[in-house]
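Morning, everyone. Let me put the structure up, and then I'll walk you through a few parts of it.

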Amino acid sequence: MAIRLLGDLTTSQLHGRRALVRVDYNVPLTDDGEVADAARIEASFPTLEHLLGRGSVPVLLSHLGRPGGRVRPELSLAPVVPLLERGLGRPVRFLGAPDTGEAVSATREAGPDSVLLAENVRFLPGETDNDPALGERLARLGDLYVNDAFGACHREHASTAAVARRLRPAVAGKLVERELAALDRLRGEPERPYVVLFGGAKIADKIGLLRGLVDRADRLLVGGAMANTFLRARGRETGRSLVEEDALTAARELLEAAEGRLELPEDVVVAPDPGAGDEARVVNVDSIPEDAMALDVGPSARRRFAGALGEAGTVFWNGPLGLFERPAFAEGTREVARAAGLAARRGAFVLVGGGDSARAVKEAGVADVLSHVSTGGGAALQYLETGSLPALEILQKEET
Ligand code: ADP
Ligand code: MG
C-alpha cells in the first residue's frame, strides 16, 4: 500500500513543530511493575531520532494492556520513562492524561530537544470506540501526526484513526515502514521453497490467512494447539487436548482445500495436564490417550519441521509449537527455533511474527540472527492476509 512516510517530509515540515507520535509501548511488565522486555521501546528509537535530529518535538502516545477506559495505576506508562531516557540520552517529561489543557500547554512550552510521553491512552473512555471527540482533543497535542505503532495498526481507535484524520501531515514512522517492507517480501515473490509454520492457540483468528497460504506456500507445517484442532477435524482422538470445537468445520474445509499440503505432526508429547511435566511422554498421534493432553510436537515431527526449514528460501513462522512457557513442553519450539536461526544464517529470509512467538525465539537465543521479528502479531497476520491495515488506510497517498 502506498502510504505517506515520515521520510517523505522535509526538514522544514518538521523543524520547530510538535510531532504527535503514536507508539506501541504495550510492553510486558514484571510483578513489581517494571518493564520486562524493552524491545518495543527500542523499536521506536529510529523514528524518535529522526524527529529530534530535525528539530521536531516528539509527543508520545501509547496504550498498555486493557484498562477498559478507566485509570488503573498498575497499567501506567510511567515505568517506560527511565528506559526512554537511557535510550535517547535526554530527559523525558511525563505528561499525565493526554486529554487535558495542562498537557496541551506542556507540549506548547516544550523547548527544542524535548521528548514528552502521555499517560496510557486506554485510560480514556472513547479510545477503543474511536470516538471522534477524543480524536479532536488528542490532535491538540501535535502539529503533525506520526503512526509508528505497528502492533496497533489493525485497530481503529481514537489514537490510531480519529486523531490521524485531524492532523496534517499524517505519516507512518520508521518502524511501520520497516515492518511493511519485511512483510511485503512475503506478499511479493518469495524465494522458494516458501515454508510456513503455524502454531499457537487460536485457529479462528488465523483461518483466513491459512486459506490464502495453502496456495502460496510450498510447505505449510502446523504444530501447537492449532494442530490438535486439525487432528480432531481429521477424525483423530485428541483426549483432553486444547481443541477449538467452534473451528472444526472451518478446519475440515481447509484440510479439504489443502489436498494434503497441510502437514500435521506425526507424534506429540502428552501429559495428564500442563503441570505434570514429569509425566510427559511421546506418543504417535494415532494413540493420544483419552485422559491426556498433547502439549508439544514430538521428536519425529521436530526433525521433519527443522528439515523443511533447512531447505527453505523463505520462512514465515507464527505461533509456538507447544506450551513453551513450561520447560517440559518447550523443546519442540526451541529445536525448530534453532533451525530457523540456522536457515537465516545460511541466507534464507526468515520472518517470525506474534507476541509469544517473538518471546520464544528470543528465549531460544536466535532472535538476533533472524531476518525480521515482527513487533505485531495480529497486525502482521492481517497485513499478510489483506495487504492493508485500517489505521494505515488513513495515511494513504492521495491519487494525483
Ligand atoms: P502468538 O502470540 O505468537 O501469535 P498465540 O498467542 O497464537 O501465538 O499462541 C501462543 C500460546 O499457545 C502460548 O501461550 C502457548 O503456550 C500456547 N500453546 C501452544 N501449543 C499449545 C498446546 N499444544 N497446548 C496448549 N497451549 C499451547
Ligand atoms: Mg499470543
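**A walk through the model**

So, start with Glu-259: its relative accessibility is 67%, so Glu-259 counts as exposed. For the cut-offs, buried means under 20% relative accessible area, exposed over 50%, and partly exposed in between, with a 1.4 Å probe and protein chains only. Glu-259 sits in the loop between helix 11 (248-258) and strand 9 (262-263), and its phi is near 45 degrees, a positive value in a residue other than glycine. Helices (H or I, at least four residues) and strands (E, at least two) are DSSP runs, numbered from the N terminus.

Some housekeeping. This is a predicted model, where local features need pLDDT of at least 70 and side-chain atom pairs count only at pLDDT 80 or more, while totals for chains, interfaces and linings use all residues. Residues are numbered from 1 along each chain as its sequence is written, chains are lettered from A and ligands numbered from 1 in the order in which they are written, and side-chain values use heavy atoms, with hydrogens and water left out.

Okay, the overall picture. We've got 16 helices and 15 strands. The radius of gyration is 23 Å, close to the 21 Å that the globule rule gives for 400 residues, so the protein is as compact as a globular protein of that length. That radius is taken over C-alpha atoms, and the rule is 2.2 Å times the number of residues to the power 0.38. The C-alpha atoms fill a box of roughly 70 × 50 × 35 Å along the principal axes. Of the 400 residues, 56% are buried. If you take contacts (heavy atoms within 4.5 Å) with a separation of 6 or more, 73% of them are between residues 24 or more positions apart.

Now the inside. In soluble globular proteins, nonpolar side chains tend to be buried together. Here the largest nonpolar core has 80 residues, and those with the most contacts inside it are Phe-198, Phe-230, Leu-262 and Phe-316. There's a second, separate core of 30 residues, which includes Val-21, Val-81, Leu-144 and Val-171. By core I mean a set of buried Ala, Val, Leu, Ile, Met, Phe, Trp, Tyr and Cys residues joined through side-chain atoms within 4.5 Å.

Helix 8 (residues 174-187) has 14 residues and reaches 20 Å from first C-alpha to last, close to the 20 Å expected at 1.5 Å a residue. That expected span is 1.5 Å times one less than the number of residues. Which residues of helix 8 are buried? They are Leu-175, Val-176, Glu-179, Leu-180, Ala-182, Leu-183 and Leu-186. These cover an arc of only 165 degrees around the axis, which puts them on the same side of helix 8; the arc is that of the directions from the helix axis to the C-beta atoms.

Helix 13 (residues 331-345) has 15 residues and reaches 21 Å, close to the 21 Å expected. Its buried residues include Gly-332, Val-336, Ala-340 and Ala-344. What do the buried residues of helix 13 pack against? Among the partners are strand 7 (194-198), strand 12 (293-297), helix 12 (299-311) and helix 14 (355-363). Just after helix 13, Gly-347 takes a positive phi of about 115 degrees.

Then comes Ala-348, in the loop between helix 13 and strand 14. Ala-348 is buried, with a relative accessible area of 5%. Leaving aside neighbours within four places in sequence, Ala-348 is in contact with Ala-312, Gly-313, Ala-343 and Ser-371.

Over to Leu-167, in the loop between helix 7 and strand 6. Is Leu-167 buried or exposed? At 7% relative accessibility, Leu-167 counts as buried. Its contacts beyond four places in sequence include Leu-20, Ala-139 and Tyr-145. The C-alpha atoms of Leu-167 and Ala-139 are 6.4 Å apart, although the two are 28 residues apart in sequence.

Most residues other than glycine have a negative phi, and most peptide bonds are trans. The peptide bond from Arg-168 to Pro-169, though, is cis, with omega near 0 degrees. A cis peptide bond also joins Arg-192 and Pro-193, with omega about -5 degrees, and Pro-193 is in the loop between helix 8 and strand 7. Asp-113, not a glycine, has a positive phi of about 75 degrees; look for Asp-113 in the loop between helix 5 (101-109) and strand 4.
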